[in-house]
Amino acid sequence: MYDYDLLVVGSANADLVIGVERRPGAGETVLGSDLAVHPGGKGANQAVAAARLGARTALLARVGDDGHGRLLLESQRAAGVDTVGVLVGGAPTGVALITVDPSGDNSIVVSPGANGRLTPGDVRAATSLFHASRVVSTQLEIPLETVVEVVRNLAPGSRFVLNPSPPRPLPAEVLAACDPLIVNEHEAKVILGEACVSDRPEDWAGLLLAKGPRSVVVTLGAEGSLVASSPTDVTRVASVKVDAVDTTGAGDAFTAALAFRLGAGASLADAAAYASRVGAVAVTRQGAQDSFPTAREVEALSTTGPEGPGLQAE
């Protein structure tokens, strides 16, 4: 019996958000809205998104002993996340600088801060959390060597989900553990490198599978997503039509929902379809964690929302 449906190992940031009429080019200054500060970071976002959906969730992360760190801890606890694995101190809390244009598209620059101090030793010290968790999810806003240690500490029978964001080449040991590897177009091309010899997402999935993951999910923005467990078993999943307000955190909501549903026994295609509905609700609201829906809100969308153009998972 698992104590947690999902253990998230990853980043926790304060999101500093400014609305702009358009994002600036190189050397350009633009005026924006008043600054808004929200709890964020891919790890913290995924933990809150899963907990809002009803998942028993724990977070392994590091924050600073500062106001931003306290904001993040409060947001996790308010969502029902177990913060026993959140370490405090070592560096200031990470910060993400985010600009959002009127269409809801965003640009993000991250200062890792304490996230860069989440070490392999911290992972080894949290072995009990890994053995208590059905699914473990992580990202790349923490050191790569820490992600490698996560893979080495997975409990027998648990499932590992990775969204390699921000993308970088991955060691074979990490790729082989992914079930699934979740990528958008940009992430797929970075990981494939010179092997990306096609513009077809179905081919990306096959090429990614050849690198070792047990399964792959490719998110395709308005075109939905596709899931693949072998080069000959590729399924398209439709997106959901909504009017996007802010895409910040939508990819994190997608990943968390997919990981949760996989742990509950859903097929990869069914989990991706559910995750698309979760992400669709999220993009209709401002901010990251504030935008994440409850299971009831997702159910309401699934009974009323038509299929069609939708969100870009980050």
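This is a predicted model: local features need pLDDT of at least 70, side-chain atom pairs count only at pLDDT 80 or more; totals for chains, interfaces and linings use all residues.

Colleague: What is the order of the strands in the open sheet?

Modeller: Strands of a sheet pair through backbone hydrogen bonds, either parallel or antiparallel. Helices (H or I, at least four residues) and strands (E, at least two) are DSSP runs, numbered from the N terminus; two strands pair if DSSP finds at least two bridges between them. Here nine strands form an open sheet in the order β5-β4-β1-β8-β9-β10-β11-β12-β13, with mixed pairing. β5 (82-88) and β13 (233-237) stand at the edges with a single partner strand each, so one side of each has no neighbour in the sheet. On average, neighbouring strands of this sheet are turned by 15° against each other, direction ignored; axes are lines fitted to C-alpha atoms, for helices over the stretch in contact, and angles between N-to-C directions run from 0 to 180 degrees.

Colleague: How many bridges join β1 to β8, and in which sense do β12 and β13 pair?

Modeller: β1 and β8 run parallel and are joined by five bridges; V9 has T138 in β8 as its bridge partner. β12 and β13 pair in the antiparallel sense, over five bridges. These two strands form a hairpin with two residues between them, and V227 stands opposite T235 in β13.

Colleague: Which strands does α8 lie across?

Modeller: Helix α8 (residues 201-210) lies across β10 (178-183), β11 (216-219), β12 (225-230) and β13, and runs at about 35° to β12.

Colleague: Is helix α1 mostly covered or mostly uncovered?

Modeller: The general idea concerns the turn of the helix. An α-helix has 3.6 residues a turn, so residues three or four places apart point the same way. Burial is then read residue by residue: buried means under 20% relative accessible area, exposed over 50%, and partly exposed in between (1.4 Å probe, protein chains only). In α1 (residues 42-52), ten of the eleven residues are buried, and the helix is mostly covered. The buried residues include K42, N45 and Q46. Contact means heavy atoms within 4.5 Å. The buried residues of α1 pack against β1 (4-9), β3 (36-40), β4 (57-63), α2 (67-79), β8 (133-138) and α9 (250-263). α1 lies across β1, β4 and β8, at about 160° to β4. Just after α1, G54 takes a positive phi of about 105°.

Colleague: Which polar contacts does the side chain of Q139 make?

Modeller: A polar contact is a pair of N or O atoms within 3.5 Å; within protein, one must be able to donate a hydrogen and the other to accept it, and residues adjacent in sequence count only if both atoms are side-chain atoms. Q139 lies in the loop between β8 and α5 (144-152) and is buried, with a relative accessible area of 0%. Its side chain reaches the backbone nitrogen of G43 at 3.5 Å and makes a polar contact with the side chain of Q46 at 3.4 Å.

Colleague: What is the relative accessible area of S107?

Modeller: S107, in strand β7 (residues 106-111), is partly exposed, with a relative accessible area of 30%. The side chain of S107 makes a polar contact with the side chain of R23 (2.8 Å).

Colleague: Over the face of which residue does R261 lie?

Modeller: A charge sits over a ring if NZ of Lys or CZ of Arg is within 6 Å of the ring centre and within 35 degrees of the ring normal. R261 lies over the face of Y274, at 5.3 Å from the ring centre.

Technical notes:
Residues are numbered from 1 along each chain as its sequence is written. Side-chain values use heavy atoms; hydrogens and water are left out.
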